[in-house]
Amino acid sequence: MINITLPDNSVRQYPEGVTGIDIALSISEGLARNVLAAKVNDEVWDATRPINTDASVKLLTWNDTEGKAAFWHSSAHIMAEAIEALFPGTKFGIGPDIENGFYYDIDLGNRVITDSDFKAIEDKIIELARQEQKMIRKEVSKKEAIDFFTKKGDEYKLELINELEDGQITFYESGSFTDLCRGPHLPHTGFIKAVKIMSVAGAYWRGDIKRKQLTRVYGITFPKQKDLQDYLLLLEEAKKRDHRRLGKELELFTFSPNVGLGLPLWLPKGTALRERLEAFLKKVQRKAGYVQVMTPHIGDVNLYKTSGHFQKYGEDSFRPISTPIEGEQFMLKPMNCPHHCEIYKSKPRSYKDLPLRMAEFGTVYRYEQSGELHGLTRVRGFTQDDAHIFCTPDQVKAEFVGVINIVMKIFKALDFKEFTAQVSLRDPNNKEKYIGTDENWEKAEQAILEVTKENNIDAVIEIGEAAFYGPKLDFMVRDAIGRKWQLGTIQVDYNLPERFDMEYIGSDNQKHRPVMIHRAPFGSMERFVAVLIEHCAGKFPLWLAPEQLTIIPISEKYEIYAKKVLELLNNYEIRCKIDNRSEKAGKKIRDAELERIPYMLIVGEKEESDNTVSVRKQGHGDMGTYTIEAFAAMINDEINRMTE
Ligand SMILES: [Zn+2]
Ligand SMILES: [Zn+2]
């Protein structure tokens with residue numbers, strides 16, 4: 001008998017050779033029907049693979065990321081089997097699962113797959129799925145593997161096999177299709193109940209532009225038809241919210257190939273939005289004891305050699321700029337940190353100066369391949385809402401609390417109700433991978449764990465995910481349609497203080513190293529604005545909206561009164577305009593709704609004689625009649641409640 005430890009730490013005994021499915025069956029039949037794979041001592045296995053030694057086992061279902069991965073990766077095999085049946089002689093590259101679904105890179109020879117083939121592939125996949133084909137794992141020798149694919153004539157698989165070690169090669173068979181694969185896979189294909197081929201694209205073999213371009217076929221599968229329908233609805237909703245589309249429609253930003261790919265141009269409305277975000281954060285930071293600094297967009301190459309960024313970004317990034325006569329070399333700034341280190345070092349520091357919280361909306365430049373660029377979320381120049389806190393090791397915890405408070409204020413002001421966090425710690429079994437003393441690591445890690453707990457933050461703890469220079473805390477928000485976005489980060493750093501030889505004089509009159517904390521609650525202004533647009537579908541919170549209200553006179557007769565209302569509202573710093581087009585009031589209201597303007601003030605005879613306005617709120621409709629003063633007080637109150 002062997003001992004199997006389950007996730008709740010209970011230990012059960014089973015005969016040697018027990019499988020994930022057997023274990024599930026011993027718990028409940030319902031569970032056994034849903035088991036897609038099994039995590040055996042941190043490695044994901046087929047749920048049908050025999051376990052021969054004591055092990056800890058977690059049974060994976062559709063609700064586990066790793067369960068989904070096995071589902072989608074298995075689906076890639078079935079799609080390949082379907083394509084081979086429909087397009088005999090196709091050669092196969094690799095077919096991994098991805099975040100949403102899977103793809104397979106294939107070589108169709110002279111043939112092409114287009115949208116019109118998708119239906120036939122989907123039908124074939126469902127046909128093969130219904131056969132409940134077993135996915136059978138086979139260990140093969142390197143020679144057997146080479147013989148098989150030489151006979152089949154698939155040079156891509158042969159190239160992959162050549163890089164593998166004999167004794168570590170496995171095949172998987174499902175129906176008539178045999179693939180070189182490490183696994184894991186579903187017990188059988190019958191789990192797949194719904195499929196959609198999403199798209200095809202060109203992809204160079206092994207990502208190398210010098211090699212052959214293959215066809216990448218993307219698909220997604222689900223265990224229920226309903227899940228597929230929900231997914232397609234979500235995609236449609238995401239399309240409506242696409243920040244690239246809305247950014248254009250709402251005239252927030254644009255790109256010009258003449259300026260360069262991945263370099264956003266902020267239009268007046270987008271600039272106003274960004275400035276308001278910056279002003280909000282600056283105000284919050286001022287209250288939290290930050291000081292603002294400004295640094296240039298380039299820096300001497302040697303600065304980045306000192307910081308280590310040249311080694312990290314130099315080779316694969318924008319080339320250094322040289323001066324014509326002196327032969328100096330500068331780099332576009334990839335990070336603000338080295339500049340801030342130099343500011344720290346601009347004068348001697350004492351423990352009484354700490355913590356020193358230095359903030360800058362610093363623009364940085366990093367090279368991204370043109371194919372990787374995406375709207376505002378993947379760009380080549382962006383502005384971080386950056387700050388560096390220099391403090392003593394004892395101050396790390398309090399500083400974390402301070403930063404978390406800022407992050408919470410931002411989430412509240414922008415109506416992100418759901419968020420999660422990830423705490424990344426070092427791997428205690430691999431301490432040599434990290435720099436900094438044990439004592440400082442323990443102090444900082446303890447501080448992060450305590451702070452997240454004390455603030456009731458739902459945090460996942462990842463061991464071994466820390467940067468080599470320190471532990472970190474990352475925030476993820478869930479947007480209005482349930483998608484997760486990575487936003488702000490807080491990182492402890494023992495490395496740069498070392499590299500820049502930073503010091504402070506302690507109360508003991510001795511020299512000490514400060515700890516550095518990097519933090520950027522928005523991440524970057526570009527990425528944050530993109531996430532915000534997609535979250536609120538362009539309907540920005542009142543305090544951020546480019547135009548907060550529009551005054552709609554119901555006919556020309558009331559334009560003079562409309563102007564009076566506008567002037568009064570200007571006294572309250574409310575951003576508004578008059579819609580004096582010769583259109584019907586109904587049409588003006590509809591247009592204001594489309595422009596996503598939060599409030600509409602309708603003025604006619606009654607309003608003029610009573611000195612009032614009739615208020616309509618975006619998405620709420622009629623809110624009744626107000627005096628100007630009462631209306632201004634109401635919206636100021638709405639703004640204050642969100643941003644205080
Ligand atoms: Zn596979
Ligand atoms: Zn930094």
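Predicted model: local features only at pLDDT ≥ 70, side-chain atom pairs only at ≥ 80, totals over all residues.
1. Start with α3 (residues 65–86) and α4 (residues 115–130): their axes sit 9 Å apart, and the helices pack at an angle of about 115°. The crossing here is right-handed. On the α3 side, the contact uses I78, M79, E81, A82, I83, A85 and L86, while α4 brings A120, I121, K124, I125, L128 and A129. Sorted by class, that contact has 11 nonpolar residues, two charged ones and no polar ones.

2. Next come α5 (residues 142–152) and α6 (residues 155–162), packed at about 165° with their axes 9 Å apart. Angles over 145 degrees count as roughly antiparallel, so α5 is roughly antiparallel to α6. Their crossing is left-handed.

3. Who touches whom in that pair? From α5, K142, A145, I146, F149 and T150 meet K157, L158 and I161 of α6. The contact of α5 with α6 splits into five nonpolar, one polar and two charged residues.

4. Now the sheet: it is open, has eight strands and shows mixed pairing, in the order β16-β20-β21-β28-β25-β24-β22-β23. The edges are β16 (291–292) and β23 (459–463), each with pairing on one side only.

5. Within the sheet, have a look at β21 (residues 381–391) and β28 (residues 515–520), which are joined by five bridges in the antiparallel sense.

6. Finally, check α16 (residues 525–536). This helix lies across β21 and β25 (484–493), and runs at about 115° to β21.

Conventions
Residues numbered from 1 in each chain as written. Chains lettered and ligands numbered in written order. Axes fitted to C-alpha atoms, helices over the stretch in contact; angles between N-to-C directions. Helix = DSSP H or I, 4+ residues; strand = E, 2+ residues; numbered from the N terminus. Left-handed = near helix turned anticlockwise from the far one by under 90°. Contact = placed C-beta atoms within 7 Å. Nonpolar A, V, L, I, M, F, W, Y, C, P; charged D, E, K, R; others polar. Parallel < 35°, antiparallel > 145°, perpendicular 65-115°, else oblique. Pairing = 2+ DSSP bridges.
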